[in-house]
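Here is a short report for a reader new to this structure. Look at the model first, then read on.

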Number of protein chains: 2
Amino acid sequence: MGAGKTAFGAFPDRDLRSLAVEAGEKCLHNAHVVPSQIESFYLGNFAGPAFVGQNHLAPYVSTALGILGVPATRIEAACASGGSAFFHAWLEVAAGIYDLVMVVGVEKMTSQPTPRVSEILAEAGDCAGEMRAGSTFASLFAMIARRHMHDFGTKREHLAAVAVKNHANAALNPEAHMRKAITLEQALKGKPIADPLTLYDCSLVSDGAAAVILAPLERAAEFTDKPVRILGVAQASDYLALDQKADITTFPAVRRAGEQACQMAGVTAREIQFAELHDCFTIAEIIAMEDLGFVPRGCGGPYVFEGHTALTGERPINTSGGLKAKGHPVGATGVAQICDLVLQIRGEAGERQIPRHSLGLAENLGGSGATCVVSILGAA
Amino acid sequence: MGAGKTAFGAFPDRDLRSLAVEAGEKCLHNAHVVPSQIESFYLGNFAGPAFVGQNHLAPYVSTALGILGVPATRIEAACASGGSAFFHAWLEVAAGIYDLVMVVGVEKMTSQPTPRVSEILAEAGDCAGEMRAGSTFASLFAMIARRHMHDFGTKREHLAAVAVKNHANAALNPEAHMRKAITLEQALKGKPIADPLTLYDCSLVSDGAAAVILAPLERAAEFTDKPVRILGVAQASDYLALDQKADITTFPAVRRAGEQACQMAGVTAREIQFAELHDCFTIAEIIAMEDLGFVPRGCGGPYVFEGHTALTGERPINTSGGLKAKGHPVGATGVAQICDLVLQIRGEAGERQIPRHSLGLAENLGGSGATCVVSILGAA
């Protein structure tokens with residue numbers, strides 16, 4: 001497997017395609033692969049047409065990388081677009097259909113003004129229902145957080161602890177959007193966005209791209225001396241609207257995808273050493289830990305607050321800085337999570353390298369839980 | 001395999017989801033399958049976010065059909081979105097990953113005013129290049145037609161003959177958008193759109209949905225006593241912009257997908273008995289016949305004009321009425337083509353049933369040739 005990423009950030013001089021091509025070329029170089037070897041191409045992208053006015057994005061990007069003729073397919077699954085593209089690429093390789101499959105995830109968001117960005121993001125929710133009633137994703141996740149507080153005693157300090165940890169990790173990541181450590185006090189005093197969420201509970205609006213190349217394990221030695229093995233991958237779905245869910249403090253799609261990926265990998269959740277979780281809002285990281293079985297339900301908040309998911313903790317979460325501080329170019333996020341697992345597994349994560357890094361998990365969530373992709377990677 | 005479609009047309013009272021659900025439910029009924037049996041779900045949709053302001057469309061539709069939990073994936077490949085979704089569903093079944101896979105294609109276009117529809121469609125082309133310079137798809141295909149006339153002596157009468165034939169076929173199709181036969185004179189005197197193309201050379205802006213269910217052949221008897229076999233499917237890609245193509249009178253992606261699908265099916269193009277071809281403009285049907293090898297290059301125009309592709313001809317093309325007259329709800333088109341092949345192969349095409357109907361081909365084109373999916377179906 002090869003991996004490559006752009007830095008994440010606000011890049012007024014870069015367009016969608018140049019970001020995708022940069023990540024793709026870094027990935028080809030990393031895998032020692034030339035474009036003509038790629039047999040199938042996937043593009044994970046959420047809303048290129050709305051953000052930059054270009055649709056039909058898969059061949060638009062693949063041809064710019066010099067990948068010609070082969071199937072080039074765009075997958076859209078809201079914020080899980082990148083993870084879903086990875087899932088489909090893995091299906092092709094695992095089933096023996098193609099050997100070398102490339103996945104690029106990309107989003108160019110910062111060219112639109114913030115209110116328009118919110119509108120575009122809201123299209124990942126139920127627009128005829130909750131969004132028409134005035135909801136945004138921040139207000140939906142605020143309701144989720146409030147309910148989690150009510151049911152389990154989760155505190156604002158617990159949410160803030162997620163932000164503090166992820167900002168600390170991003171400060172060590174040269175490719176992160178926001179390399180700024182913050183204190184618990186700062187996080188708690190952040191500008192209110194949707195009570196109880198402050199600015200520091202929300203992920204960033206970013207530009208960026210990430211890419212990976214998959215190959216059958218028996219051919220991995222042709223491309224790398226540090227192969228990373230895909231042990232399990234699963235995609236699951238659920239209702240878009242919160243009012244259709246029986247309980248908004250748990251996401252059935254995350255539970256299902258997590259269980260299936262663990263079963264495929266032959267591991268239990270407790271054995272996972274580290275993870276990149278979809279912290280679109282701080283509460284989402286807490287719930288993901290619970291839904292994946294890292295901790296019992298309701299125990300996610302204290303677990304973070306006590307430091308168990310820090311770089312030095314028993315199970316580091318979002319060593320990259322997460323969506324919170326590494327940044328969240330929507331379509332790139334799921335692929336970037338895979339790149340970040342690869343970096344750790346290969347021992348190439350620099351200042352944020354963790355000691356136990358042979359079994360990692362990525363969880364990529366779409367909307368308020370209507371799509372989830374969970375991937376488990378390990379040292380080969 | 002099961003198949004189901006809505007009528008195609010302008011339906012001001014219907015939203016995207018209700019169309020998709022109608023097609024999906026007809027298809028489930030046709031296949032004698034209940035939603036809980038579906039193991040994977042694909043949605044082919046081009047521009048739902050722009051047309052109706054809703055993204056994250058795969059779980060939005062699948063959950064409304066009662067399909068819960070399983071992977072629900074939206075594929076966007078411009079006008080080939082439906083065909084590409086079918087290709088990926090076929091991959092999963094052929095590789096033995098899942099047994100029962102459902103594909104729904106849908107587009108709701110008529111809620112936007114015509115100039116906005118043209119803008120949205122243009123996003124399937126190269127927006128930073130030819131589209132910014134003022135092109136629309138009509139003007140691009142006009143250039144293609146003009147060049148085909150110059151190189152091969154194709155005449156306006158040849159283009160018009162495509163429209164006359166497809167309108168005649170649609171007049172026999174109760175689900176067609178425009179059930180109106182036209183004369184060659186009418187077609188030639190149509191309102192000019194982009195010279196040499198008139199109104200009658202252009203496909204329709206429509207609302208509609210189509211759905212199919214795929215299963216392994218050895219299980220087909222559980223679901224139908226008229227199984228249809230998928231003999232070959234291939235997807236190919238190429239540059240978006242015409243100025244990047246060496247020759248605009250041929251589409252490399254069509255040739256490649258056609259050759260691969262024929263090779264997989266173990267048939268030659270000459271053996272194909274009938275076909276649904278992507279006649280977004282009349283010239284596209286002529287070039288598709290040439291690129292697929294039904295006729296030598298440059299001979300498509302006279303072949304249509306002489307009646308060989310009429311219902312009574314040696315190789316009927318677009319017995320459904322095609323995009324021209326059946327209608328072209330973009331994301332639905334590629335799936336609807338499959339449904340129309342199924343109808344003919346099963347001998348259920350009513351007044352437009354053709355006598356030789358055991359080996360059919362569907363060709364679904366994205367943009368001005370950047371994506372193509374070719375599928376070959378036969379009686380099992």
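The text below covers helix packing and aromatic rings.

The model is predicted. Start with chain A. Helix 7 of chain A (residues 156-171) packs against helix 10 of chain A (residues 282-291). The angle is about 100 degrees, and the axes lie 8 Å apart. Angles of 65 to 115 degrees count as roughly perpendicular, so helix 7 of chain A and helix 10 of chain A fall in that class. Helix 7 of chain A brings His158(A), Leu159(A), Val162(A), Ala163(A), Lys165(A) and Asn166(A) to the contact. From helix 10 of chain A come Thr282(A), Ile283(A), Glu285(A) and Ile286(A). By class, this contact of helix 7 with helix 10 in chain A has five nonpolar, three polar and two charged residues.

Now chain B. Helix 7 of chain B (residues 156-170) and helix 10 of chain B (residues 282-291) cross at roughly 100 degrees, and their axes come within 8 Å. Helix 7 of chain B is therefore roughly perpendicular to helix 10 of chain B. Among the residues that meet are Leu159(B) and Val162(B) in helix 7 of chain B, and Ile283(B) and Ile286(B) in helix 10 of chain B. The residues of this chain B contact divide into five nonpolar, three polar and two charged.

Next, the rings. Over all chains, the whole structure holds six aromatic pairs. One aromatic cluster is formed by Phe141(A), Phe251(A) and Phe281(A). Arginines also lie over ring faces, as tabulated here.

| Arginine | Ring below | Distance from ring centre |
|---|---|---|
| Arg17(A) | Tyr60(A) | 3.8 Å |
| Arg315(A) | Phe294(A) | 4.6 Å |

Key. Residues numbered from 1 in each chain as written. Chains lettered and ligands numbered in written order. Predicted model: local features only at pLDDT ≥ 70, side-chain atom pairs only at ≥ 80, totals over all residues. Heavy atoms only, no water. Axes fitted to C-alpha atoms, helices over the stretch in contact; angles between N-to-C directions. Helix = DSSP H or I, 4+ residues; strand = E, 2+ residues; numbered from the N terminus. Parallel < 35°, antiparallel > 145°, perpendicular 65-115°, else oblique. Contact = heavy atoms within 4.5 Å. Nonpolar A, V, L, I, M, F, W, Y, C, P; charged D, E, K, R; others polar. Phe/Tyr/Trp six-rings, centres within 6.5 Å; stacked < 30°, edge-to-face > 60°. Lys NZ or Arg CZ within 6 Å of the ring centre and 35° of its normal.
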